Amino acid sequence: MTARIKPATLLLSILTCALARAADAPQDLLASGSVDQAIQSLQGQINDSPTAAAYNLLCRSYYTLDEWDRGIPACEKAVALEPGNGLYHLWLGRIYGEKADRVSFLRAAGMAKKVRIEFERAVELSPESWEARTDLAEFYLEAPGIVGGGKDKARAEAELIAPENPAMAHWVKGRLAEKNDDTAAAEQEYRAAIAASHGGAHAWLNLALFYRHTGRFQPMEEALRTLESAPLDRPESLMDGATILLRTNRDLPLATRLLRRYLASSPKVEEAPVFKAHYLLGELLEKQGDRPAAADEYRASLALARNFSKAQLGLKRVEH
């Protein structure tokens, strides 16, 4: 006689299988930092049934690895397959922007125009997206007028961002003030962003970046110490804060704590890939003289992204 499975047991089994599949979804793998697994899964999906979503995620996977040349064709394919999706245009603009920062001046001008076109298209398709408008505003701030930049354009975007995300609107205005060499107004805007975000970590990070730009390292450290205990509205702020301290060689123990907190936290986010967090922690430990612990962190990074060249080089340094 065949044993009957109780409905509740069957439901639990189905739910367990569904959760297991969801945990292995490429977007979840990417967010958790398992970039090699994400790429493998996405390439399998594309071979079986190519979709714009799969190409977009593949582009973003290469983006986290700083492999712009491999990511650009995937982002372009996503846009070609689904030209009416603002998110896909946004990511294409982002990866074009990273490439533009690493090519000759003449090529950079042509790439910058592509960035503007994609960001403007993203905003046109998703006018409610403060993320798209923020990226566009930053482009307008940084790009020369010959490729479509302009402070007035950035200011207009800030006003449109404000209803959706007041803190980011203040950030854009702070960057505008910096561009105008008005440090007092810039600091006022960054502090207004902190108030608007109810003391969120990301706004404290932006204040710390402002202090770094102006060479005020003591206030920078104080802002990052506040970030450590601030509401974690953007988990990537922990890794970004640690990066600031590492690059300025200030308060390395605080930087180490920030990274360890991120690695111990949940959820992880795509904006702060776990393999990069391990790599940065390795750099910090190496700088503080703990080569064996640094080697462990470099190995942890490579376990998730085996071709990540920075971790490969780091491991070679501490093993010799």
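How much space lies in the second largest pocket? I started my notes with that, keeping in mind that this is a predicted model. I got a figure of about 170 Å³ for the second largest pocket.

**Entry: the pocket lining**

Next I wanted to know which residues line the second largest pocket. I wrote down Asp36, Ile39, Gln40, Gln43, Tyr62, Leu65, Glu67, Arg70, Arg306 and Asn307. I sorted that lining by type and got three nonpolar, three polar and four charged residues. Then I asked myself which helix gives the most to the lining. It's helix α3, residues 35–48, with four residues.

**Entry: Asp36**

Asp36 has its place in helix α3. Is Asp36 buried or exposed? I noted buried, because its relative accessibility is 18% and the cut-off for buried is under 20%. What does its side chain reach? I followed it to the backbone nitrogen of Arg306, at 2.8 Å. Leaving out residues up to four places away in sequence, I also found Asp36 touching Leu304, Ala305 and Arg306.

**Entry: the nonpolar core**

I moved on to the largest nonpolar core and noted 103 residues in it. Which of them touch the most other members? My list reads Ile95, Phe139, Val172, Leu207, Leu224, Leu227 and Leu259. In soluble globular proteins, nonpolar side chains tend to be buried together.

I took Ile95 from that list and looked up its contacts. Setting aside neighbours within four places in sequence, I found Ile95 in contact with Cys59, Tyr63, Trp68, Gly71, Ile72 and Cys75.

Most residues other than glycine have a negative phi, and most peptide bonds are trans.

- I found a cis peptide bond between Ser266 and Pro267, with omega about 0°. Pro267 is in the loop between α15 (252–264) and α16 (274–287).
- I found a positive phi at Asp181, near 60°. Asp181 is in the loop between α10 (166–179) and α11 (183–196). I put Asp181 down as exposed, because its relative accessibility is 67%.
- I found another positive phi at Asp251, near 40°. Asp251 is in the loop between α14 (236–248) and α15. At 25% relative accessibility, I noted Asp251 as partly exposed.

Technical notes: Residues are numbered from 1 along each chain as its sequence is written. This is a predicted model: local features need pLDDT of at least 70, side-chain atom pairs count only at pLDDT 80 or more; totals for chains, interfaces and linings use all residues. Side-chain values use heavy atoms; hydrogens and water are left out. On a 1 Å grid over the protein atoms alone, a cavity is a set of points where a 1.4 Å probe fits but cannot get out, and a pocket is an open set with protein on both sides within 12 Å along at least five of seven lines; lining residues have an atom within 4 Å of a point. Grid points are joined across faces, edges and corners, and a volume is the space filled by probe spheres set on the points. Helices (H or I, at least four residues) and strands (E, at least two) are DSSP runs, numbered from the N terminus. Ala, Val, Leu, Ile, Met, Phe, Trp, Tyr, Cys and Pro count as nonpolar, Asp, Glu, Lys and Arg as charged, and the others, Gly among them, as polar. A nonpolar core is a set of buried Ala, Val, Leu, Ile, Met, Phe, Trp, Tyr and Cys residues joined through side-chain atoms within 4.5 Å. Buried means under 20% relative accessible area, exposed over 50%, partly exposed in between (1.4 Å probe, protein chains only). Contact means heavy atoms within 4.5 Å. A polar contact is a pair of N or O atoms within 3.5 Å; within protein, one must be able to donate a hydrogen and the other to accept it, and residues adjacent in sequence count only if both atoms are side-chain atoms.
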